[in-house]
Amino acid sequence: MFAIPGKQAVTITDRAAAQIAKLMADGDTQGLRIGVKKGGCAGMEYTMDYVAEIDPNDEVVKQSGAVVMIAPMAQMFLFGTEIDYETSLLESGFKFNNPNVTEACGCGESIKFAGM
């Protein structure tokens, strides 16, 4: 929908692709669908769900056995985002390096985009 020819909507680091593929193998899923919804102290939050079906309106990115689908309403907010997976002593999880974010809350759970 918001694609640029020859450029993926999002990029996935090798660590994130490995984690997504591992989690896909553990269940009966077609991939990870990412999106955004209203919420949090900054106004928007990322959503992530493993799904059994690919919606024909999703933007699909495949890499190293990982399949990431971008929900239609989130495509303009997520275009150009790098998805990474980080592990530290206290926590591990996916991290979104999104050039479209203008503000984030202190806890890192919610974000704000320009014009919102």
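Helices (H or I, at least four residues) and strands (E, at least two) are DSSP runs, numbered from the N terminus.

**The model**

This is a predicted model, in which local features need pLDDT of at least 70 and side-chain atom pairs count only at pLDDT 80 or more, while totals for chains, interfaces and linings use all residues. Residues are numbered from 1 along each chain as its sequence is written, and side-chain values use heavy atoms, with hydrogens and water left out.

The predictor's confidence in each residue, pLDDT, runs from 0 to 100. The protein has a mean pLDDT of 82, with 78% of its residues at 70 or more. Confidence is highest in strand β5 (residues 66-70), at a mean of 93, and lowest in strand β9 (residues 111-113), at 60.

**Overall layout**

The protein holds 2 helices and 9 strands, and along the sequence they follow the pattern β-α-β-β-β-β-α-β-β-β-β. Of its 116 residues, 37% count as buried; buried means under 20% relative accessible area, exposed over 50%, and partly exposed in between (1.4 Å probe, protein chains only). Contact means heavy atoms within 4.5 Å. Among contacts with a separation of 6 or more, 54% are between residues 24 or more positions apart.

The buried residues of α1 are Ala-16, Ala-17, Gln-19, Ile-20 and Met-24. They cover an arc of only 165 degrees around the axis, so they lie on the same side of α1; the arc is that of the directions from the helix axis to the C-beta atoms. On the other side of α1, Asp-14, Arg-15, Lys-22, Ala-25 and Asp-26 are exposed. An α-helix has 3.6 residues a turn, so residues three or four places apart point the same way.

**The nonpolar core**

A nonpolar core is a set of buried Ala, Val, Leu, Ile, Met, Phe, Trp, Tyr and Cys residues joined through side-chain atoms within 4.5 Å. The largest one here has 25 residues, and those with the most contacts inside it are Ile-12, Ile-20, Ile-34, Ile-70, Leu-78 and Ile-83. Two or more residues come from each of β1 (10-12), α1 (14-26), β2 (31-38), β3 (44-51), β5, α2 (75-78) and β6. Strand β5 gives the most, with 5 residues.

Ile-70 is found in strand β5. Beyond four places in sequence, Ile-70 touches Ala-9, Val-10, Ile-34, Asp-58, Glu-59, Gln-75 and Leu-78. The C-alpha atoms of Ile-70 and Ile-54, 16 residues apart along the chain, are separated by 9.9 Å. Ile-34, again leaving aside neighbours within four places, is in contact with Thr-47, Met-48, Val-68, Met-69, Ile-70, Ala-71, Ala-74, Leu-78, Ile-83 and Phe-96.

A polar side-chain atom of Thr-81 lies 2.8 Å from the backbone oxygen of Leu-78. The side chain of Asp-84 makes a polar contact of 2.7 Å with that of Thr-13 and one of 2.6 Å with that of Arg-15. Thr-13 and Arg-15 are also among the residues Asp-84 touches beyond four places in sequence, which include Gly-93, Phe-94 and Lys-95. Under the same exclusion, the contacts of Thr-81 include Ala-9, Phe-96 and Pro-99.

**Two loop residues**

Ser-64 lies in the loop between β4 (59-63) and β5. Ser-64 has a positive phi of about 50 degrees although it is not a glycine. Most residues other than glycine have a negative phi.

Gln-30 belongs to the loop between α1 and β2. The C-alpha atoms of Gln-30 and Val-68, 38 residues apart along the chain, are separated by 8.9 Å. Outside four places in sequence, Gln-30 touches residues including Met-24, Val-51 and Val-67.

Here is how accessible the residues discussed above are:

| Residue | Relative accessible area | Class |
|---|---|---|
| Thr-81 | 0% | buried |
| Ile-70 | 1% | buried |
| Asp-84 | 5% | buried |
| Gln-30 | 39% | partly exposed |
| Ser-64 | 60% | exposed |

Notes
A polar contact is a pair of N or O atoms within 3.5 Å; within protein, one must be able to donate a hydrogen and the other to accept it, and residues adjacent in sequence count only if both atoms are side-chain atoms.
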